[in-house]
Amino acid sequence: MVEGTISTWSMLIMLLPLLGAVLAGALGPTVLKGRSHWPVLLGVGGALVGAVVIFGQVRDAHDEHQMVVPLYDWISTGAGTWFSVSVLVDPLTSIMLLVVTGVSLLVVIYARGYMRDHNEPVRGYERFFAYIGLFVFSMCALVLGGNFLLLYLGWEAVGLCSYLLIGFYYDKPAAAAAAKKAFLVNRIGDFGFGLGILLIYLTFNSLDYQTVFAMVEMGFDAAGDKVSTGRFTAIALLLFCGAVGKSAQFPLYVWLPDAMEGPSPVSALIHAATMVTAGVYMVVRCGAIFAASPTAMAVVACVGAFTAFFAATMALVQTDMKRILAYSTVSQLGYMFLGLGVFAAEAAVFHLYTHAFFKALLFLGAGSVMHAMGGKIDFREFGGLRRIMPWTYATMLIGSLALAGFPLLAGFWSKDEIIHAAFAQDWLLGTVGLVTALMTSFYTFRMVFRAFHGVTRVPEGVHAHESGGWMLVPLVVLAIGAIFAGYAGVTMHPGGFVGLFEPHGWFHHFLEPVVEPFKVNGVGHVAAGHVGEGSGWVVAHLSHYGLMYASSALALIGIGIAYVLCVDSPMLAAVIRRAFPRTHEVLYNKYYVDEACIRWIVEPLKRAGRFCVGVDNFVIDGIVWFVTAVPRGLGWGLRGLQQGALQGYAASMVVGLALLLVIVLFGTWT
Amino acid sequence: MADWILTLVLISPLAGVLLLMLGRGEDGPRFRLIALGTSLVTFILAVVAFSMFGQSVTSSGQAGGFHLEQSVAWIGGGESDVDIRYHVGIDGVSVWLVLLTTFLTPLAIWGSFSAITKRARGYYALLLLLEVGMLGVFCAMDLLLFYVCFEFTLIPLFFLIGIWGGSDRQRAANKFFIYTVAGSVLTFAGVLYLAYYGYAHGPDQVFTLDIQTLTAMGQSGLLPMDVQWWLFVAFAAGFAIKVPFFPVHTWLPLAHTEAPTAGSVLLAGVLLKLGTYGFFRLSLPVLPDAAFVFGPFMATLAIVGISYAALAAWVQTDVKKLVAYSSVSHLGFCMLGLFSLKMAGVTGSVMYMVNHGLSTGALFLVIGMMYERYHTRDIHEIGGLAKPMPWMAFFLVFFTLSSIGLPGLNGFIGEFLVLLGTATSNTETDALAAGPLGYGYAIPAAIGIILGAVYMLWMCQRVLFGPLREPVNTPDRSTGLTRDLTLREKLILVPIGVVCVVMGVWPKPILETMEPAIAANVFHQSPATSEQLVLDPSEMDDSVAPETKEGHAS
């Protein structure tokens with residue numbers, strides 16, 4: 001790696017989108033108007049070029065797989081050292097940059113078509129692109145940052161962009177509420193994240209990645225003492241709190257479904273492909289810390305597995321296409337954390353990478369439907385769209401197959417790998433992964449069948465149409481990605497089909513230096529293709545082939561069930577729903593988690609607030625009143641003596657004189 | 001010129017007051033122009049002072065000490081035992097507070113152009129007098145001057161609230177005045193006793209109120225613990241009320257709600273910092289042992305106050321009162337940082353003073369602009385303003401983000417350093433002794449950060465988003481305002497916004513000036529090592545040294 005190239009291009013990657021955002025924001029309302037997408041489009045395009053250059057640098061690097069370039073001093077520690085603004089480039093960074101800038105560029109192109117109504121830019125057009133540019137800047141800063149403080153900066157900044165974009169249609173109360181909810185739920189996660197960073201500084205006296213991780217690997221803190229496992233667990237779990245918020249894991253997933261109030265391109269970019277994967281990125285980046293604590297790894301795996309399952313159950317019965325996809329995103333992120341928790345970090349990153357393609361595709365496809373349906377996205381209001389929107393249908397079908405884990409498409413490779421690693425660690429985790437895979441293919445195809453198959457229906461007064469070229473090109477590009485992206489990292493399916501399916505594991509080799517801590521420090525690690533200890537009979541019986549066949553079969557079964565219930569005999573679905581009314585209701589209402597939050601958290605806090613105001617007004621001000629009442633009372637008492645009547649003064653003078661005389665004459669002290 | 005520049009800064013607003021008094025009548029545009037011009041001249045003089053300060057630091061090599069000093073005998077002097085002086089000077093901390101004051105005052109004056117239509121002359125004269133008082137506190141190096149200016153600020157603000165305030169203005173003005181006077185009388189008693197103690201037990205047998213002399217006395221261990229204890233309580237009585245520190249904060253919400261916009265801006269922006277500055281300048285350096293002993297107690301109150309005021313802010317329906325409570329919450333962070341007795345914490349606290357001045361001052365300006373149009377600040381009566389007023393929405397969201405500590409903006413620097421200092425307080429890194437706090441204090445304080453986001457975003461959502469709601473017959477354009485912000489209003493807010501961004505991205509120049517001054521003032525010696533440092537002067541220099549050995553090993 002050449003330092004000059006790295007520093008120049010990493011600066012450009014961050015600054016070009018920012019410049020685009022500033023131009024769009026400053027010139028958009030007056031000069032650019034309907035052309036406001038151009039500065040951001042060019043800025044993000046430039047960032048993509050930079051990401052490719054950096055990827056090339058990393059790929060061609062021989063011995064050094066990591067480079068840190070300090071840019072300038074930022075905040076003083078008070079001890080003569082500074083937290084610097086620096087960038088760190090390694091294979092993980094370069095992959096994240098490619099994903100972020102690539103998807104961003106496609107989304108910006110798509111938004112050029114989407115953010116228009118009858119080819120007229122919607123209100124706030126320039127604002128939209130300015131926010132997107134700001135987001136790309138923040139996300140790149142997050143993955144490029146060379147220390148925890150910059151990670152935190154990027155972390156908060158992407159949260160801000162998410163807030164602004166969810167609330168883009170701010171005059172809609174639901175959008176404004178969703179935006180605030182997203183920000184606040186993330187803040188709860190960041191509370192732990194921030195404390196984790198403080199604890200890192202307290203332990204290692206530094207926030208620099210290289211310094212900290214070097215010390216973690218040696219196991220000594222700044223003072224030279226051995227760091228206890230408990231301390232590692234504490235740091236890892238605190239950091240994980242941040243990931244739980246940002247990547248929408250249980251119990252902080254509640255903001256993501258609501259975030260669908262934002263425009264669809266935003267859902268595709270921020271709430272599917274990039275920002276929500278920041279948590280995964282962070283855990284991989286801090287692999288040394290996490291791998292040093294078996295407890296933390298177990299927590300990560302269990303939270304991931306549970307979230308994957310839990311979110312999938314809620315996706316089963318929703319009718320809003322974007323919400324189904326949102327729960328699906330939560331569920332897929334759960335898979336990624338499951339992968340991390342079972343020491344298969346490269347599989348998790350691989351899934352992050354393939355997921356970016358097909359989930360962005362699905363959201364953009366849903367956006368295309370929404371655009372055509374005049375803003376409606378609930379598939380109870382339309383159906384049979386495949387004849388009206390053939391391109392959207394075809395690309396969404398590909399995306400759905402990839403999500404469902406249909407053999408040989410992108411999702412198939414990465415998801416199988418995670419489930420395999422999970423089985424190697426614990427059969428229960430693996431089983432949860434498999435069951436979730438079944439549900440995934442069911443809910444995905446329930447959505448596809450309900451929206452695109454059957455009798456053609458559109459909402460009244462809507463002129464349904466296929467979307468224009470600006471929107472279709474990104475869909476096609478992503479669909480190609482959803483088919484082929486998985487071939488970058490074929491590892492566990494030996495075969496000889498035109499050389500494509502050879503388990504070359506290129507992606508995994510590329511990532512090897514980054515995920516090393518998971519292998520070195522990992523207690524029960526299972527490398528891809530190897531069977532670890534304690535994996536039990538499941539792995540022994542389900543060989544690679546077995547698992548592959550099982551998951552393929554589950555994908556097909558899920559699609560089949562969806563076909564039966566939604567296309568073949570919809571009556572059956574109604575019968576099932578009526579047979580389990582309570583279950584359906586609970587799932588449809590998302591387990592009443594939101595209601596519980598308001599009732600058990602928000603309301604008590606508001607009551608506490610009112611109590612505080614009461615204390616202010618009555619207790620504290622009461623005491624103040626009492627204190628001031630003393631002089632006032634004294635004055636009131638003494639006022640009687642100054643009534644201004646001469647005889648009164650004379651009388652008191654006489655009495656006083658008499659008293660004095662008595663004291664002088666009969667006093668004992670004289 | 002170097003010794004006169006601070007006096008010039010102090011005198012220039014007074015010259016403006018004189019000009020205002022020469023004019024005829026009560027109203028008319030000339031008064032506001034005179035006031036604005038004067039405050040701009042003061043700002044320019046302050047910038048000149050800043051650059052001279054920089055030169056003086058470079059030429060003398062004394063980054064930590066006072067510069068641009070001027071000292072003239074005031075009371076006593078010569079052969080007498082009493083030596084009270086007009087002594088002004090600034091160090092790396094006060095120079096930034098002087099800049100903050102002179103920066104905010106013209107903006108506050110400009111912001112009053114359309115709001116103040118009656119008795120303009122008196123209004124602007126009082127604002128300028130207020131500026132003199134605040135600057136005097138930051139420049140004073142003699143405690144009598146410090147105290148006189150500290151108290152003097154009450155008078156202009158009392159009239160500003162009582163005459164140009166809202167409907168309940170008189171009660172607010174009285175409460176504000178009596179509350180703060182009651183506390184600072186105790187402070188003055190403490191000051192006198194401190195000087196007397198120095199006179200009776202000090203080496204020179206002179207009754208002096210010189211801050212440096214008294215600081216040296218406090219740090220040399222001459223003050224026994226019981227004396228420090230009582231002095232700390234006496235100082236805290238005045239300063240804590242001014243901060244305002246939980247639980248003596250109840251004057252602030254009322255005063256803020258009733259004050260005119262410019263009064264609120266200067267009250268939140270600068271006046272509250274007089275309290276924390278007092279702790280920084282007097283309590284910590286002069287009474288190091290008491291500060292250490294009181295540390296956990298003060299920190300606990302600060303932490304309780306952070307969450308308490310945040311919760312109280314959440315249930316307010318008056319926007320201005322909400323921001324007022326947020327000040328109480330934020331100043332809790334300031335106090336927490338001070339009592340961490342760690343470089344990072346105290347630096348963060350001083351940064352927090354400046355940052356809070358900028359972002360909260362700006363918030364009050366924006367709210368004032370809204371109030372001028374709608375004549376209400378009730379969250380129930382207004383909503384959805386982002387649509388007709390995109391510029392106002394931009395600024396309100398921007399300063400909200402600055403206020404809740406978004407990294408990349410100014411608020412984050414102070415907040416982070418305060419938490420860092422608090423969390424690492426009881427370790428003995430950075431060549432300083434352990435402070436009284438620890439990681440356990442950082443956890444509840446961090447909860448305050450969540451709550452801070454809760455109420456500020458709630459306020460933004462209610463005021464800016466959702467369907468449009470406006471009281472009937474509004475917006476009021478009778479004073480020449482447009483629907484969205486006018487050019488004047490934008491030009492008031494833009495400079496603050498620019499400074500917020502610059503301070504968030506590139507705080508190095510500020511931190512670099514502050515740190516030596518803080519090291520010299522607070523950590524000339526730390527409590528636990530006081531004896532050995534006094535015995536060995538060479539070590540004393542060591543503890544000041546950290547700023548010289550900068551590195552990049554973040």
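About 5,500 Å² of area is buried between chain B and chain A, and carbon and sulfur atoms give 71% of that area. Buried area here is the accessible area (1.4 Å probe) that two parts lose on being put together, summed over both. This is a predicted model, in which local features need pLDDT of at least 70, side-chain atom pairs count only at pLDDT 80 or more, and totals for chains, interfaces and linings use all residues. Residues are numbered from 1 along each chain as its sequence is written, chains are lettered from A and ligands numbered from 1 in the order in which they are written, and side-chain values use heavy atoms, with hydrogens and water left out.

**Between the chains**

- In contact (heavy atoms within 4.5 Å) are 67 residues of chain B and 58 residues of chain A.
- Three salt bridges are counted between chain B and chain A; a salt bridge is a side-chain nitrogen of Lys or Arg within 4 Å of a carboxyl oxygen of Asp or Glu.
- Lys175(B) and Asp621(A) join their side chains in a salt bridge, at 2.6 Å from N to O.
- Eight helices of chain B are not all listed here, but those giving two or more residues to the side that touches chain A include H7 (169–201), H12 (288–314) and H17 (439–464).
- H17(B) gives the most to that side of chain B, with 14 residues. Helices (H or I, at least four residues) and strands (E, at least two) are DSSP runs, numbered from the N terminus.

**Chain A overall**

- Chain A has 26 helices and four strands.
- The C-alpha trace of chain A spans about 130 × 70 × 60 Å along its principal axes.
- Of the 670 residues in chain A, 59% are buried. Buried means under 20% relative accessible area, exposed over 50%, partly exposed in between (1.4 Å probe, protein chains only).

**Nonpolar cores**

- The largest nonpolar core has 429 residues. Such a core is a set of buried Ala, Val, Leu, Ile, Met, Phe, Trp, Tyr and Cys residues joined through side-chain atoms within 4.5 Å.
- Among the residues with the most contacts inside this core are Phe148(A), Leu239(A), Tyr124(B) and Leu464(B).
- H14(B) gives the most to this core, with 18 residues.
- A second, separate core has 17 residues, including Ala305(A) and Leu547(A).
- Beyond its neighbours within four places in sequence, Leu239(A) is in contact with residues including Phe148(A), Ile289(A) and Phe290(A).

- Over all chains, the structure holds 19 salt bridges.
- Arg285(A) and Asp90(A) form one at 2.7 Å, N to O. Arg285(A) is in helix H11 (residues 278–285) and Asp90(A) in the loop between strand E2 and helix H3 of chain A, 195 residues apart. Arg285(A) is buried at 7% relative accessibility, and Asp90(A) at 2%.
- In chain B, the side chains of Arg281(B) and Asp91(B) meet at 2.9 Å, N to O. Arg281(B) lies in helix H11 and Asp91(B) in the loop between strand E2 and helix H3 of chain B, so the pair ties together parts 190 residues apart in sequence. Arg281(B) is buried at 1%, and Asp91(B) at 0%.
- A network of salt bridges links Lys181(A), Asp258(A), Arg323(A) and Asp594(A).
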